[in-house]
Amino acid sequence: MTSQLFVLFRRQVLRDAMRHKVLAALNILSVGLGVGLYLAIQIANHSANRALAAGVDVVAGKANLEVRGDIPEALFPSLAGLPGVSGCTPVVEGVVTLPDYPGEYLRILGVDMFTNEPFRTFDIGSGERPFELERWLAQPGGVAVSVEFARKHGLKAGDRLRALVNSRRKDLEINFLLDPEAAVTMDHVAAMDIGWAQELFGVQGKLSSVQMIVSNPQEAKLPLPPGLTAAPPAQRSFQVQKMLSAFELNLTALSLVSLFVGMFLIHNTVSASVARRRVEIGILRSLGASRNEVRLLFLGEAFLFGAGGSIVGIAGGVLLSNLLVGSVAKTISSLYVLVSIDRFFVSPAHLLAAAGFGLAASLAAAWHPANEAAATDPVRALSMGIRMEEKAARVNLWVVAGFLSLALACAASWLALKTGPPLLGFVAAFLVLFGFVCFSPLLIRMLGGAAPKEVVLRLAAENFRRSIHRNSPTVAALSAAIALVIGVSIMIFSFRNTVDVWMNRGFAADLFVTPASNETIGLEAFVPPEAISFLEKQPETLAVDTFRELRVPLGGETAPLGVVKGADRRNLPFVGGGRKAKMAKFFGGDYVVVTESFARRWRKGEGDRLSLATPGGPKEFEIAGVYYDYTRDEGLIMIDRKAFERYWKDARVQSLALYLRDRGMAEGLAERFRRRFSAQGEFAVYSNRALKQRAFQVFDQTFAVTYVLRAIAVIVAALGIFLSLTTVITEREREIGVFRAVGGSRRQVGGMIFAEAGFIGVAASVLGLAAGCSLALVLTFVVNKAFFGWTISLQFPWPLLAATPFWIVPASLLAAWVPALRASRIPIAAAVRAE
Amino acid sequence: MMSRAASLFVLLLASWRLALPGWHYRFPEDHGVHRAFKTEWWYFTGRLRAGSGKTYGYQATFFREGVRPPGSPGTSRFLADDIKFAHFAVTDVDAGRFFFLQKTSRGAFGEAGFGDSGRLAWIEGWSLAETRDGGFALKADGEGKAVDLLLKPEKGFVIHGANGVSQKAEGAGHASCYYSSTRLGTTGRLSINGKSEAVAGESWFDHEWATNSLTPAQIGWNWFSIQLDDGTELMLYQMRTRNGGIDPNSSGTFVLKNGSGEYLARDAYSLTPTAFWKSGRTGATYPIAWKVSVPSLGLELETSTPVKEQELALGSITYWEGLIEVRGKRTGHGYMELTGYAKPLGGM
């Protein structure tokens, strides 16, 4: 920037911004909201990833190779004795819930202090009680909790903790405090002697992992029994992150919509400022300013908004992330993997990206008006009375662009589903949104062409049409925001209904029982056999189905395997029908069934074979069928309990579904069961209805974040109306003056502005509804299918759709309140000075 | 109610046995592990000479520190009933160098333990075994140093203290069962920095077991094992108290040529430090030279050490244990152990 240009910038842009403080502030705010939302989502995602990676790190410590699976402990000494192994330590892991601290849990690592010294990433024995090996080894249930955890709950060494493990009450005692190294911060991690951990979790003879330091982890060939895997620990955090990537990408995409809406506002403001300063531009140009300098001036204005917005957005985003993180952690925990986000991680890269998006969006939005300013002919600009509205002729061009964009959206959708990558689904969604907003000029011309009898309305319609250059982006911004609300609402509504139908078919049992801790920490705990036999013996009981889930190695990764007894009553909805034949196969031999999302993720279908690692060696299972399931996007392999026990020799189960003679008996039986086994809330017992309610609670929690995103998009759009009308009035000052001079009343002027706002609201509603419905199609059939592999039957929440104009139009009128008031107060004399 | 009675029963079962007067020693049975007692050690020290004329001191000790008394509940293989650890030290007198190493193990997979067929104690490659001729085989190695020795008692085992227990503090149970083989002919090989030499010399073997023999007022002890050139041996100890004094429950044993032991009460001997050495590593100041006097035996001895730095700096159990030379009316050599100087010794 030359010094001369800088002077110009200061005089023309900065001074102007100071003069129109509210306008400038609103622009900055709109960019700020978009940037802030994007950043908040990034921080939440990143913090979740870091928390999960830290979970891997705290277990693996400084290991470079990790053996996982259902490890017989006798394997440990043979691994430790292998050549090239310089460190080797066994680990037993488990999670307990703490009934005295509802919702709290501890991930307990059973460690061997004799061998884990080279791996350790925490100090045990900080604070007033230093570590003593003898106490560590001697105390049953002795557990070292993190300093943070102890502080949070006011606990100290020597305090007792009640824990639930496999629905049994266990007494723990804090023996020491644990201080994690700075890099690994996990408040919920606790450590215990490995022997006591085996006792606590009842896994004598088994290890969860063996952590190793070997000279060449990539080449290491360990003599492992079938069913066990050896891989660098980093690979495990990579897998977890891969699993979450679709979820996180969805949030990111939604968060960017606000910025997209904000772009229209910047566009409007800059083009208004171009219009307002046509004369100045003319003077500058005739004094020798180049086109480029003029362009730079207006881009500079946008840069100002972008920079201001980025600063506001970064500050706001960090604050907003505090609100979002809890919700994101809950969703990840209920859908994917147990995580609690105890620390926020803000990486400089995210700050830069957020600021970059803010600036780029602002500059891109200002590009068109800045170019127009640069193209201004000095002669025409200096002659009074010529107005900018001649640009209206471009309407047809936008219509063509709109159709083109929609056609591209179709192509992108097709590709996303056929070949991938799934990311194309978002491209399609964006193209749909963009395609529809391209129709705003056309819609404005049509609506504005209506010629009502009433004079104020007629003038308003005329103004609405004539200010097409200004109103188009406003209508576009508002309709994009509406489309987002509508599209996401339809998608969630359809999803919810689909799940409802599916649950009604699939969850036919009358009573569900699972260890209470499973609600907090996922399926970890087992149902004790005596509880099962008690329930089986009750007179009300017709049958008891069981379920258990574990992870099995599959193609270098792991996949969840569900073990069911009595799946015939679950009434699995198969893709392509044929339930009877498929279920007969499933119960008859070495068959599995898989969920639709599993089939998509692993590219396996009916008739394909899966090689699963059983304790006796790899075993092939044929896929008998693919069924609809909405519980997780990771997918699930389901196996009959008989087949499982044949190869895995493990009869433990994690939840029960009871069929009763009469559903009315459920409460009585539940009560008896609670008295006998769950006096201290060791079990979660749900009736059929309560389980469905609970499932929907989880469902709604999952989408809680999207409500925030939608709300912010609408706020940005409402700001847009306010901004747009304010500029329109500034532009029309002379005109309003003339109108008042020839006898128009203040009321009429105000009414005119209100009416124009109403037109904006109506146009945006129409366009937003149409775009929203189309967006819903893309979200439901393309994005969902491509990312998660779910089949959702599209359903429309008609009342919500019908209600759209009834909240958009009033919102538009509300946004018009201040501009209308201002317009009605324009002094006539000053306004008509030029006439 | 039932469960309370049961847990009381378990509690009675699961408690440590105290070293009380009247223990009847039987050999070789008592060489083995005494799991009912909380603390136990097998202690070998000795002076060895190589063919080259070089002199070495060595120490090899297997410790068992009980964590849970026998009969404690739990079935996990990883549950540790005791902490198994061992110390190995070599003093290269001519080079003036001292080397020490500690091994600790859970022993969950039998890599360390006490009392299997033949072995009395072992941790990984370190082991103590009985030989068929009533002697011992001792092995330890690490960081280029190693001993592989055969030890043959030249006298019978001598039992310290009175009525089968060596009292360490006031009160029943503040004592240990303690016997020694005060002179073992020793042959074998010793390696320094990978260079192995045939060695021969004399060793001293202590075996001691107890439960909480120390009181909180005691912080450590000074202990001497002296092999005089006239074929007699002397064991003396002083229990050191927190206030800088000596507990009256200190005693010694004089072993005659024929192997019989004479009990030395606290007032039968005196120990006076004559020189001190401050450890650069731990900051502890050790009395490394002494005047030893046993008037009833006419013994007036002065001890000194050829290598001052014979400190095993091992954190919470740092102590000085090293080869000493004895001069005076009679001459000899031995080992001296000074504990509780860096930090009070607890829980023994």
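Two strands pair if DSSP finds at least two bridges between them, and strands (E, at least two residues) and helices (H or I, at least four) are DSSP runs numbered from the N terminus. The structure is a predicted model, in which local features need pLDDT of at least 70, side-chain atom pairs count only at pLDDT 80 or more, and totals for chains, interfaces and linings use all residues. Residues are numbered from 1 along each chain as its sequence is written, while chains are lettered from A and ligands numbered from 1 in the order in which they are written.

**Strand E23 of chain B and its partners**

- Strand E23(B), residues 319-328, has 7 of its 10 residues buried (20 or more other C-beta atoms within 10 Å of a residue's own, with C-beta atoms placed from the backbone).
- With strand E24(B), residues 332-339, E23(B) pairs antiparallel over 8 bridges; Ile324(B) has Gly334(B) as its bridge partner in E24(B), and a hairpin of 3 residues links the two strands.
- Strand E21(B), residues 299-304, runs antiparallel to E23(B) and is joined to it by 4 bridges, with Ser304(B) opposite Glu325(B).
- Strand E22(B), residues 311-312, is antiparallel to E23(B) through 2 bridges, and Glu311(B) is partnered by Trp320(B).
- The hairpin of E22(B) and E23(B) has 6 residues between the strands, and Gly315(B) in the turn has a positive phi of about 65°.

- Beyond neighbours within four places in sequence, Leu433(A) is in contact (C-beta atoms, placed from the backbone, within 7 Å) with Ala480(A), Ala483(A), Ala771(A) and Leu775(A).

Key: Contact = placed C-beta atoms within 7 Å. Buried ≥ 20, exposed ≤ 12 C-beta atoms within 10 Å, placed from the backbone.
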